[in-house]
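Subject: Structure handover

Hello,

Please find the structure below. My notes on what was found in it follow.

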Amino acid sequence: MPRAEPTLPDLSQYGMLAEYNRKRNFGVTPEPAGRPPEAKRGGALAFVVQKHRATALHYDFRLEYAGVMLSWAVPKGPSHDPSVKRLAMVTEPHPLDYNQFEGVIPEGEYGGGTVMIWDHGTWEPEDADVERMIRKNEIKFRLHGKKLRGSWVLVGTGDRRWLLIKHRDEAASTSDVTVDKPLSAVSRRTMAGIARAAGATPRQLAVAAAADPPRDATVSRSTA
Ligand code: MN
């Protein structure tokens, strides 16, 4: 039987952060350098979603596994609507330290632009054997975040492409969480606020501001 092409990096390999480190110049970017993953002393697994206005706006969806953050770039962001399938492109695993990064990556650097910690919390794999779910291209899990809740699935469709889908449960909703809850989960800042505080260039500030929902979006929704 032909084997499906692996859609995630080889998890048995040492140095899962090599690609992360190779892409970045730590003398210039404020992002943390990747160190060899430490042995986990048990406890809950972290998840984080970072809103990132790089070349294009996307939401970096990260799940802790094997001492690193497995990462997917979700161009449209997560949706609590079970009828919506959001494209999630695999990106390089990130260090756990990255979960605390909110700020501005300088222009000209890899991923240059504003990064917001849009949501964070813990995740629970449905199958304790996470590698088996990855091999099956179907990662089922529950999220316990400030914004994202309930049961979800990531379905691999090949060539680094996955789909992020909400399961039907009490957390399902048709309202757009990216519009309803646009602020940082840790600092309550907007993208523009983060860029301004980091001393972004006028161009980066304008780009970051354009990634915030229109100021009246939430108001018009609630009065509609
Ligand atoms: Mn990104």
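Is His52 buried or exposed? His52 counts as buried because its relative accessibility is 8%; buried means under 20% relative accessible area, exposed over 50%, and partly exposed in between, with a 1.4 Å probe and protein chains only.

This is a predicted model, in which local features need pLDDT of at least 70 and side-chain atom pairs count only at pLDDT 80 or more, while totals for chains, interfaces and linings use all residues. Residues are numbered from 1 along each chain as its sequence is written, and side-chain values use heavy atoms, with hydrogens and water left out.

Metal site. The manganese ion has His52 (ND1), His58 (NE2) and Asp60 (OD) as its protein donors, at 2.1 to 2.3 Å. Donors are N, O and S atoms within 2.8 Å of the metal (3.2 Å for Na, K and Ca); water is not among the atoms, so sites may look incomplete. The donor spacing in sequence is H-x5-H-x1-D. His58 is buried, at 14% relative accessible area.

Aromatic residues. Tyr20, Phe26, Tyr98 and Phe101 make up one aromatic cluster. Rings of Phe, Tyr and Trp (its six-membered ring) pair if their centres lie within 6.5 Å; planes under 30 degrees apart count as stacked, over 60 as edge-to-face and the rest as tilted. The whole structure holds eight aromatic pairs. Among them is the tilted pair of Tyr98 and Phe101, with 5.4 Å between centres and 50 degrees between planes. Tyr98 and Phe101 are both buried.

Ser71. This residue is buried, with a relative accessible area of 2%.

Regards
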